[in-house]
Amino acid sequence: MLDIFLGCLLIAAAIFNLIAAIGLLRLPDVYTRMHAASKAGTFGSGLMLVTIAIHAGEINIASRALAGVAFFLLTAPISAHLLARAAYVAGIEPWSGTVRDDLKGHYKDKQGHLSSDDD
Amino acid sequence: MNKIFLINVLLAFTWCAVQGSFTFINLIFGFLISSAALWLIREQFGTSKYFNRTWLIIGLIFLFLKELFLSVVRVAWLVLKPGQSYKPSFISYPLTVDSPHEITLLANLITLTPGTLSVDVSDDNKTLYIHCIDVEDVEALRKDIRDGFERKILEALR
């Protein structure tokens with residue numbers, strides 16, 4: 001019974017990872033693609049590791065799997081942020097459907113020094 | 001605050017020493033028993049703030065898990081629905097939190113929640129720039145962050 005439940009969780013996790021991959025191909029620009037990679041990818045991989053932790057039922061395997069989840073949650077947002085920022089500083093244009101750009105003109109130079117909203 | 005946590009850990013080790021078994025499970029059990037002991041003396045020795053803060057941090061973790069799940073479902077829908085009818089935008093968000101670790105925590109939480117991705121923080125730590133994949137009302141989104149994550153972080157970490 002537990003095995004069936006864990007199998008379903010594993011399939012759900014794989015589907016989320018598949019959606020993240022499709023999102024990387026389908027979404028229009030680098031900024032929107034980062035959304036798919038950072039959220040669906042993290043969630044899919046994290047869910048897989050949690051499933052493994054439950055399935056193993058041993059503390060030494062479970063603790064390593066849960067440490068993996070913690071590192072995913074810490075690193076995925078940072079890499080998404082760095083990629084989006086590097087793309088903007090390098091001057092990659094957002095998709096033409098972007099409705100509002102508060103960031104425009106706030107980068108002072110190519111080193112990425114960023115001014116605040118009010119100055 | 002940290003002192004009480006250390007006392008809690010010390011009591012857990014004491015429990016293991018008295019029991020004569022240093023397994024992981026026994027350590028966890030000792031930790032739970034010693035927190036119960038600290039909770040019993042909360043009026044006399046002022047440990048209630050420690051427990052309040054523990055609850056706030058646990059609340060923050062659950063809020064985060066809920067938002068993460070909602071955000072995954074929303075991104076999955078945006079990826080799979082036919083056509084490209086979403087409205088992405090970059091918005092600025094005036095920060096109330098000001099220390100670097102609070103900004104890091106807030107930026108990470110924002111990235112993992114529905115439709116938002118932190119892009120950069122201004123040099124003076126006053127403005128966070130966020131990319132939203134599909135936003136209708138910018139003011140409502142700012143208000144959501146201010147009354148949701150930012151307030152919880154301020155409550156839990158100060």
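This is a predicted model: local features need pLDDT of at least 70, side-chain atom pairs count only at pLDDT 80 or more; totals for chains, interfaces and linings use all residues.
How many of the six residues of strand 2 of chain B are buried? Six of the six are buried, so strand 2 of chain B is largely enclosed by the rest of the structure.

**Confidence**

For the complex, the predictor gives an ipTM of 0.71 together with a pTM of 0.72. Chain B has a mean pLDDT of 79, and 97% of its residues reach 70 or more. Within chain B, confidence is lowest in helix 3 (residues 42-45), where the mean is 74, and highest in helix 2 (residues 24-40), where the mean is 83.

**Chain B: domains and hairpin**

The domain assignment divides chain B into domain 1, covering 2-46, and domain 2, covering 49-157. The C-alpha centres of these two domains of chain B lie 35 Å apart.

Strand 2 of chain B is joined by five bridges to strand 3 of chain B, and the two strands run antiparallel. One pairing in this arrangement links Val121(B) with its bridge partner Leu128(B), which is in strand 3 of chain B. The two strands form a hairpin with five residues between them, and in the turn Asn125(B) has a positive phi of about 60°.

**Chain A: fold and first helix**

The secondary structure of chain A comes to three helices and one strand, which follow one another along the sequence in the pattern α-α-α-β. Of the 119 residues in chain A, 32% are buried. Among the contacts in chain A between residues at least 6 apart in sequence, 59% join residues at least 24 apart.

Helix 1 of chain A, at residues 2-26, has 25 residues and reaches 36 Å from its first C-alpha to its last, which is close to the 36 Å expected at 1.5 Å a residue. In this helix, Ala13(A), Phe16(A), Ile19(A), Ala20(A) and Gly23(A) are buried. An α-helix has 3.6 residues a turn, so residues three or four places apart point the same way. The cover over the buried residues of helix 1 of chain A includes helix 2 (30-56) of chain A as well as helix 4 (48-80) of chain B.

**Where the chains meet**

In the contact between the chains, 32 residues of chain B touch 38 residues of chain A.

| Element of chain B | Residues |
|---|---|
| Strand 1 of chain B | 89-94 |
| Helix 5 of chain B | 100-111 |
| Strand 2 of chain B | 116-121 |
| Strand 3 of chain B | 127-132 |

Helix 4 of chain B is also one of these elements, and helix 4 gives the most to the side of chain B that touches chain A, with seven residues. By residue type, that side of chain B divides into 17 nonpolar, ten polar and five charged residues.

Arg100(A) is found in strand 1 of chain A, at residues 100-101. Leaving aside its neighbours within four places in sequence, Arg100(A) is in contact with Ser89(B), Phe90(B) and Ile91(B). Is Arg100(A) buried or partly exposed? With 14 other C-beta atoms within 10 Å, Arg100(A) is partly exposed. Arg100(A) and Leu27(A) are 73 residues apart in sequence, and their C-alpha atoms are 18 Å apart in space.

Terms used
Residues are numbered from 1 along each chain as its sequence is written. Chains are lettered from A and ligands numbered from 1 in the order in which they are written. Domain bounds come from an automatic or database domain assignment. Helices (H or I, at least four residues) and strands (E, at least two) are DSSP runs, numbered from the N terminus. The expected span of a helix is 1.5 Å times one less than its number of residues. A residue is buried if 20 or more other C-beta atoms lie within 10 Å of its own, exposed if 12 or fewer, and partly exposed in between; C-beta atoms are placed from the backbone. Two residues are in contact if their C-beta atoms, placed from the backbone, lie within 7 Å. pLDDT is the predictor's confidence in each residue, from 0 to 100. Ala, Val, Leu, Ile, Met, Phe, Trp, Tyr, Cys and Pro count as nonpolar, Asp, Glu, Lys and Arg as charged, and the others, Gly among them, as polar. Two strands pair if DSSP finds at least two bridges between them.
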